[in-house]
Amino acid sequence: MNKYKENPIHFDRIKTCYDIIVKLYKSFKFKRTSIISNSLILYHKYYIYNLFTNSQLFNKFNDSKDFSCISIVCFSISMKTSNYLMKIDSVLDICYKNNILEANIEDEKIKIKNMVLDYESDILFSLNFNVEHELPYNYVKNIWGDASTKILEYIKNNNINININNNILNSGDDSSKLKLIKEKIADILNYSFLFPFFLYYNSITIALSCLNIALKSFKIKLNIIDIISNHKEMESISMDDIEVCSSLIDEMILSKIKKVNNEVQGNNINNINLKNIMSINHNSESNDETKKMNNINININMKISDNKNPNKNEMFFSKKEK
């Protein structure tokens, strides 16, 4: 964390990486937004690995072409772990069409392809092929029934106005209030991947911390521990951890986003605006996806997706997935 505080370039890089990943995500018209989250986790792990091992490869993050290739590989691996298997040539074609990469001649495209394949191997080896990640979205989904009941009760007893973008909802439309609050939680959960909190905090703590921040933003003073009292899998979580994690998410991410928003003065900054493409409901698939990964041989997938696929279709699924 000190490294990130000392040099703002670290945060700028993850925003640039996010830009590339979202552009690819939209190009492929995927619906599993966990692909974005997993891509960012892979990027963080690889980035920090090179940062703290003083690897010569770390200098490659300064090169725009290398940086783009690294981001593309993180997205490609995330696709494979979600059972979206695609030839590397097809992925690169999408990159060229969307100006993520530039190559004017065939020889240049061959060099880029080799670079991508080299980075794929290096990323997987540096992570010991550990590409399975638990995401926090399902934990919010699991407690939402209890949370929504307590939220509505608190709003009614304390006459709280729910105000988002100057839209005050103080009528009896409970579903609209809950929808706005839920969207706020989803936004903060998504923003949390702009910093590698997952390396220190488990997914439950991150999920509850984002819930905590969202409730405070609406001046809803509920005790998170009371909300999760009926959920045994969360018994070990302390309010102190939630408060510390909440403050770090605010300091390391949300305050930076707010600062950028103020500086841009209404300009649409796609590199940090996740709201329009992510939601808790979509990400409820994340745990199912990670379970499926146990049935996937990542080595076989890499070989298939490279050159050994006889099928002419760009995308294909395993027999189990069919």
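**View 1. Ile181 and its contacts in the predicted model.** This close-up comes from a predicted model. Ile181 touches residues that lie beyond its neighbours within four places in sequence. These contacts are Trp144, Ile151, Ile155, Ile162, Leu215, Phe218 and Ile220.

**View 2. The largest nonpolar core.** This core has 100 residues. Which residues have the most contacts inside it? They are Ile151, Ile181, Leu208 and Ile220. In soluble globular proteins, nonpolar side chains tend to be buried together.

**View 3. Helix H5, residues 88-97.** Is H5 largely enclosed or largely open? Of its 10 residues, 7 are buried, so the rest of the structure largely encloses this helix. The buried residues are Ile88, Ser90, Val91, Leu92, Ile94, Cys95 and Tyr96. Just after H5 comes Asn99, with a positive phi of about 60°.

**View 4. Helix H3 packed with helix H4.** Two packed helices are described by the angle between their axes and the distance between the axes. Here, H3 spans residues 34-52 and H4 spans residues 64-81. They pack at an angle of about 130°, and their axes are 8 Å apart. That angle makes H3 oblique to H4. The crossing of H3 past H4 is right-handed.

**View 5. Residues between H3 and H4.** H3 makes the contact with Ser34, Ile35, Asn38, Ser39, Leu42, Tyr43 and Tyr46. H4 contributes Phe67, Ile70, Cys74, Phe75, Ile77, Ser78 and Met79. How many residues of each class take part in the contact of H3 with H4? There are 10 nonpolar and 4 polar residues, and no charged ones.

Terms used: Residues are numbered from 1 along each chain as its sequence is written. This is a predicted model: local features need pLDDT of at least 70, side-chain atom pairs count only at pLDDT 80 or more; totals for chains, interfaces and linings use all residues. Side-chain values use heavy atoms; hydrogens and water are left out. A nonpolar core is a set of buried Ala, Val, Leu, Ile, Met, Phe, Trp, Tyr and Cys residues joined through side-chain atoms within 4.5 Å. Buried means under 20% relative accessible area, exposed over 50%, partly exposed in between (1.4 Å probe, protein chains only). Contact means heavy atoms within 4.5 Å. Helices (H or I, at least four residues) and strands (E, at least two) are DSSP runs, numbered from the N terminus. Axes are lines fitted to C-alpha atoms, for helices over the stretch in contact, and angles run from 0 to 180 degrees between N-to-C directions. Angles under 35 degrees count as roughly parallel, over 145 as roughly antiparallel, 65 to 115 as roughly perpendicular and the rest as oblique. A crossing is left-handed if the near helix is turned anticlockwise from the far one by less than a right angle, and right-handed if clockwise. Ala, Val, Leu, Ile, Met, Phe, Trp, Tyr, Cys and Pro count as nonpolar, Asp, Glu, Lys and Arg as charged, and the others, Gly among them, as polar.
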